[in-house]
Amino acid sequence: MPFFLARLVRRLGSARAWGLPLLIIVTVFLTSWPLMAWAEPAENPIAAVENYWWWFVVTASTVGYGDFFPTTLGGHLVGVYVIVGGIATLTTLFTKIATAIENAKGQRMKGQLDLDLSDHLVILGYTPGRTERLVQELTADGVLPIALCAWDEVTENPLPDHPDHGFVRGDLAEETVLRRAGVHRARRVLVDARDDNEALTLTVAAAHLNRSAHIVVTLRDMVRARNFSYLDRKVQCVQWHSPRMATEELQDPGIAAVYADLMTHGGRNTYSTRLPDALAGTVVGELQTGIGRGFDATLLAVQLDGAVISPGWNSPLPAGAVLYYVGGRRLSAEDIVRSCAR
């Protein structure tokens with residue numbers, strides 16, 4: 001709303017917007033004053049220089065304080081003339097305000113206005129259905145104000161139900177378009193392009209404008225991620241087919257690198273194993289401490305009766321429980337029993 005009002009004030013600040021209302025009210029003022037001085041007796045102070053402008057303002061605005069008033073028929077007719085002139089002026093002005101509001105709304109829906117946002121998230125690229133899901137997830141977690149940038153073929157804002165979000169359309173590789181979206185003031189940028197080549201182009205353009213922003217890029221072929229590291233090692237690439245990964249990286253920068261390490265051969269991986277019968281009844285905290293100290297492993301979750309849960313620190317583990325953990329290697333039953341016996 002502040003951005004919208006600022007835009008409206010700037011539009012009404014032009015001479016074309018104020019020209020006709022100003023012409024009407026000035027004409028009425030300059031013609032009514034001598035008429036009032038002619039119609040009213042000299043002892044009536046209404047036509048005095050220090051009084052008439054005040055009487056004119058309150059009468060033209062139909063407020064009428066009554067501290068000055070005409071006493072003759074001619075003066076009353078001049079008063080009617082001033083009231084009609086004031087109403088005509090206000091009507092003309094309100095019509096122009098309504099037109100300016102409608103035009104601003106139309107331009108905003110068509111993505112033609114500059115966005116007055118900062119420390120926000122910019123999404124470069126629009127895919128029907130997919131982008132809506134991304135925005136829904138980001139909005140649910142309240143990550144940041146969002147500015148959506150789409151190519152020219154998206155003729156209107158595809159997110160009309162999110163009036164707080166900005167929308168810009170045009171050539172997303174052009175600096176002027178990115179500046180309209182406030183990329184140079186953004187805290188985070190999501191490049192969700194139509195293909196990987198386009199993603200590289202948009203990333204170069206965004207990084208040129210804002211080196212400090214956290215840039216996340218979705219890629220079809222993750223092998224191309226090394227090309228983005230040449231541009232800036234801080235650019236984080238995630239799999240295009242996993243939009244949830246993109247939203248998590250935007251909300252918690254660096255988490256994609258953790259997942260990548262877990263899924264990379266030679267890194268720390270996720271494993272599962274059944275709880276050794278000898279440890280039935282062991283509490284979660286004791287098991288977590290044992291495998292952590294002994295093998296630098298971290299317990300993630302436990303499967304009980306088909307349900308995967310994250311039990312409390314003091315919860316006992318029954319026989320048959322399946323353990324899910326992160327570690328440098330797979331642990332045998334003997335490793336787990338030995339670690340808990342220390």
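On a 1 Å grid over the protein atoms alone, a cavity is a set of points where a 1.4 Å probe fits but cannot get out, and its lining residues have an atom within 4 Å of a point. By that rule, the lining of the largest cavity here is made up of Ala207, Asn210, Arg211, Ala213, Ile215, Asp232, Lys234 and Val235. Its volume, meaning the space filled by probe spheres set on the points (joined across faces, edges and corners), is about 40 Å³. The structure has two cavities of 30 Å³ or more.

A word on what you're looking at: this is a predicted model, where local features need pLDDT of at least 70, side-chain atom pairs count only at pLDDT 80 or more, and totals for chains, interfaces and linings use all residues. Residues are numbered from 1 along each chain as its sequence is written, and side-chain values use heavy atoms, with hydrogens and water left out.

Now for the sheet. Six strands form an open sheet with parallel pairing, in the order 3-2-1-4-5-6. Strands (E, at least two residues) and helices (H or I, at least four) are DSSP runs numbered from the N terminus, and two strands pair if DSSP finds at least two bridges between them. Strand 3 (166-169) and strand 6 (236-239) each have a single partner strand, so one side of each has no neighbour in the sheet. Strand 5 (residues 214-219) runs parallel to strand 6 and is joined to it by four bridges; Leu219 has Gln239 as its bridge partner in strand 6.

Angles run from 0 to 180 degrees between N-to-C directions, with axes fitted to C-alpha atoms, for helices over the stretch in contact; contact means heavy atoms within 4.5 Å.

| Helix | Strands touched or crossed | Angle |
|---|---|---|
| Helix 5 | strand 1, strand 2, strand 4, strand 5 | about 170° with strand 2 |

On the helix 5 side the contact uses Arg130, Leu134, Glu137 and Leu138, while helix 9 brings Pro243, Arg244, Thr247, Leu250 and Gln251.

Technical notes: 1 Å grid on protein atoms, 1.4 Å probe; cavity = no way out; pocket = protein on both sides within 12 Å on 5 of 7 lines; lining within 4 Å.
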